[in-house]
Amino acid sequence: MENNHPIVEKIRSAYPQVAESIKVQRENRIWMKIDYADFRKFLEFAASDLKTGIFCMLTGLDDKENFSFIYHMADLNGIMLNIETSVPKTNASIATVTDMFPAAELQERELTDLLGVAIEGLPEGQRYPLPDNWPDGEYPLRKDWDESRLEKNPLKEKAEDCNV
Amino acid sequence: MILSLIKILIFPGFLFVFVLALAAEYADRKLYARMQTRIGPPWFQPFADFVKLLSKELIIPELADRTIFRILPLVACAAVAAAFLFIPVYNPESLFSFKGNIVAVIYILTIPTLTYFLAGWYSRSLYSLIGSMRVLTQMFSYEVPLLMAVLAPGILASSWTFSEVIAFYGSKGSLFCINVISFVVAVIAVQGKLEKVPFDIPEAETEIVAGTFTEYTGPLYAYFKLAMNIQTVSAAALLAAVFMPFGYNLGFILGIIIFLLKIFLIIVILAVVRTIFARIRMDQMVMFCWKYLTPLALLQILINIIIKAAAAQ
Amino acid sequence: MSKKLVIPIGPQHPALKEPASFDVTLQGEKVENILVKLGYNHRGIEKACESKPYLHDLYLIERVCGICSHSHATCFLQAVEEIAGLNIPMRAKYIRSLIGEMERIHSHLLWLGVAAHEIGFDTLLMYTWRDREIIMDLLALLTGNRVNYAVNVLGGVRKDISEEEKGQILKAMDVLEERTKYYAHVTTEEITIKKRLSKVGYLSPEDAVKMGAVGPTGRASKIKRDIRAEDKYAAYGEVDFKVVSDDNCDVYGRALVRVGELMEAYSIIRQLIKKLPDTPLKVPAPLKIPAGEAISRYEAPRGEDVHYVRANGTDKPERVKLRAPTLANVQAVSTMLKKGYLADVTIVIAAIDPCFSCTDRMIIAVDGKSEMTWKQLREHSINWYKKNRGVDFTKVKLGMKE
């Protein structure tokens with residue numbers, strides 16, 4: 001699409017390795033994938049050079065072997081850049097982006113609670129959104145999780161056990 | 001002996017005050033509701049509420065001081081009802097008259113405010129604690145202008161006794177209109193004393209639940225509510241006697257009617273103020289009382305002193 | 001006062017209509033710190049969506065929130081329709097926008113009342129909520145429901161708007177416009193409102209971007225962002241409206257923006273009614289949605305609503321993720337409350353128009369242990385009263401079948 005070209009061109013010239021994955025779905029919607037190793041630098045590039053500096057949403061996905069994360073970034077003119085990256089489940093840990101986008105805090109906590117992804121560098125704080133007495137090691141948004149698991153690993157009953 | 005007992009217990013004493021207080025609450029609620037395009041309660045609602053609260057379970061917080069927690073509502077009720085006995089109703093003489101009883105009434109009317117503070121303090125609850133702090137802070141801001149405003153008419157009359165103030169203005173035609181500034185100040189300050197919008201800061205529902213009364217339930221809360229209603233009536237009667245000193249020598253029936261009309265007028269004013277304003281913040285309240293109300297009350301006193309000096313010459 | 005007080009506002013508090021917890025650390029009457037805890041309304045909607053067909057998800061998503069039900073449903077459908085490549089007829093788009101704007105009106109009027117209540121101005125609450133009934137009745141007339149309108153279906157809308165209904169809408173708009181002008185007058189002229197709202201909950205434009213404030217909260221801080229203008233979804237590309245913003249950056253600004261948006265909404269609805277094109281209401285939609293992904297944005301009354309849907313070729317989505325506007329705005333609350341007063345806490349919280357059930361979503365009640373049947377609950381209460389109060393309620397008969 002015409003009006004997205006400047007951004008796509010910029011990405012292509014700065015990060016030729018991701019050129020393959022760029023997909024312009026329709027006006028104002030750009031999708032792309034990037035290796036986690038390059039991700040952080042790209043995010044800074046997107047925020048400063050591409051001007052897509054508004055953090056909208058962080059989606060966590062359970063992709064069988066990997067955990068994928070889509071960072072939905074917007075700019076002031078309605079363009080939405082969706083940056084997908086992934087880490088293997090065996091090493092489910094990503095670095096926080098709250099130093100750049102404080103708005104990401106709750107959504108990163110959500111990843112910890114619901115997918116069991118460790119977020120490095122996220123300051124200590126209240127858990128979100130599961131209840132305090134939720135059993136350890138149960139991550140409801142994983143594909144292999146269902147309600148029956150709570151029968152084996154029920155909600156905690158004592159207040160002392162809860163991690164607030 | 002029996003006659004004075006009847007006077008204390010029935011008319012114009014406690015029973016009359018009780019009925020008048022409930023009627024005042026009804027008038028206030030109904031007016032407030034009608035001005036908000038609601039229908040409002042039926043006439044017996046305040047009484048029904050009172051009876052219902054009396055029959056409710058009483059819960060006292062574990063950490064609260066049980067004796068004081070129980071005594072305070074009764075102290076508040078007794079104080080406001082006692083204050084009413086000193087205010088003239090249909091004749092210039094109040095039930096118990098002595099020199100300087102205007103000052104005495106103002107002081108007795110301060111007691112319930114102190115019990116609200118103590119009630120919050122001894123409830124040992126966070127919301128009550130903050131509420132009681134606010135009660136005290138608020139008292140320090142409205143009490144001074146209220147005192148000055150209520151005493152100002154007495155300066156012209158050279159007396160702070162109800163009967164003498166009434167007699168003085170009664171002989172001077174429409175001279176009482178001169179006190180209109182202090183009347184306005186007094187009405188606003190009374191709004192603060194009664195803890196109603198815009199000065200309902202100590203019990204701001206959306207901030208600190210019910211302020212000092214958060215932990216009060218059942219009968220004890222009923223007494224507190226009754227105390228507040230009697231306080232409304234007593235304060236209105238006080239303002240009526242001091243600022244509208246007419247119609248006291250017209251006999252029993254006419255006297256009562258005029259008295260009730262005056263009370264009703266003041267309740268209407270209070271209800272209108274309640275309807276058209278939002279609650280202000282503590283710091284704004286303190287600022288307002290000291291910056292506007294106190295100078296205005298001082299101005300009234302100054303005017304009265306000048307007039308008195310001019311008349312003496 | 002040297003000792004610090006920590007005042008819990010929530011999870012249950014008269015100022016909050018929904019459970020959320022704000023622990024306010026006080027120094028005297030001043031706020032020193034605020035700790036936000038959310039998650040009390042977590043119902044598992046995202047997980048539940050993965051196990052249900054799209055058709056059911058639509059109704060589930062609608063129940064994410066009581067006030068902006070149409071927003072969430074439309075936002076979700078837009079994503080699904082984009083994946084399926086459905087071309088929605090214009091009339092359907094118009095009707096979606098129309099209901100969306102009416103929802104905005106009812107939400108903003110509700111907010112105005114709630115905000116007035118928070119600052120102890122109950123008269124305004126009674127007035128606005130009375131007028132809100134007009135729009136609620138209108139919504140009931142058009143869709144059959146006061147909330148959860150369920151007017152959307154995959155591929156269009158389910159209900160048309162007749163000529164007679166058009167007239168009723170226009171008539172209601174005139175009444176509401178008149179009333180809103182009065183409220184605009186009240187909020188700008190009434191002195192105690194101004195005193196309580198201005199300079200309260202200040203959020204600088206820089207902080208607004210950093211904390212991700214959206215919708216009226218952001219627009220009151222000079223951020224002129226409105227998804228209706230940026231993305232031109234539904235029929236918003238075909239109507240004229242201006243993005244209302246304000247440079248007060250405080251609660252007062254947020255109130256002005258909402259009142260301004262009310263006026264815009266009336267004008268948008270009039271234009272939509274006037275231009276309503278004559279096309280079919282819906283296109284046939286497949287049950288199985290081809291694999292793909294889409295992101296959809298929607299300007300809900302409270303701000304930008306974002307839905308992400310990934311489809312895997314079956315009739316159930318692979319992943320549904322949604323971000324309600326409150327999630328973006330609530331993080332700015334602690335910034336707004338720095339150095340504020342306790343009295344301001346509730347109005348500042350209310351000023352972002354929080355909707356915690358939108359925010360939290362997720363987790364279906366599944367655990368057998370803490371869930372009680374009616375009988376168990378009754379037994380428990382009888383035992384409790386016997387033990388703690390010495391009252392025996394065993395003989396009390398219930399007015400229903402056991």
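1. At what angle do helix α3 (residues 69–84) of chain C and helix α4 (residues 90–118) of chain C pack? The angle is about 145°, and their axes lie 9 Å apart. Axes here are lines fitted to C-alpha atoms, for helices over the stretch in contact, and angles run from 0 to 180 degrees between N-to-C directions. Helices (H or I, at least four residues) and strands (E, at least two) are DSSP runs, numbered from the N terminus.

2. A word on the source. This is a predicted model: local features need pLDDT of at least 70, side-chain atom pairs count only at pLDDT 80 or more, and totals for chains, interfaces and linings use all residues. Residues are numbered from 1 along each chain as its sequence is written, while chains are lettered from A and ligands numbered from 1 in the order in which they are written.

3. Back to the helix pair. The crossing of α3(C) past α4(C) is left-handed (the near helix is turned anticlockwise from the far one by less than a right angle). From α3(C), the contact uses His70(C), Ser71(C) and Thr74(C). From α4(C), it uses Arg96(C), Ile99(C), Gly100(C) and Glu103(C). Two residues are in contact if their C-beta atoms, placed from the backbone, lie within 7 Å. One residue of this contact is nonpolar, four are polar and two are charged. Ala, Val, Leu, Ile, Met, Phe, Trp, Tyr, Cys and Pro count as nonpolar, Asp, Glu, Lys and Arg as charged, and the others, Gly among them, as polar.

4. Now chain C as a whole. Chain C holds 16 helices and eight strands. Its radius of gyration is 23 Å, close to the 21 Å that the globule rule gives for 402 residues, so chain C is as compact as a globular protein of that length. The radius is taken over C-alpha atoms, and the rule is 2.2 Å times the number of residues to the power 0.38. The C-alpha trace of chain C spans about 70 × 55 × 40 Å along its principal axes.

5. Of the 402 residues of chain C, 53% are buried (20 or more other C-beta atoms within 10 Å of the residue's own, with C-beta atoms placed from the backbone).

6. Chain A meets chain C through 30 residues of chain A and 31 of chain C. On the chain A side, β3(A) gives the largest share, six residues. That side has 20 nonpolar, seven polar and three charged residues.

Key:
Buried ≥ 20, exposed ≤ 12 C-beta atoms within 10 Å, placed from the backbone.
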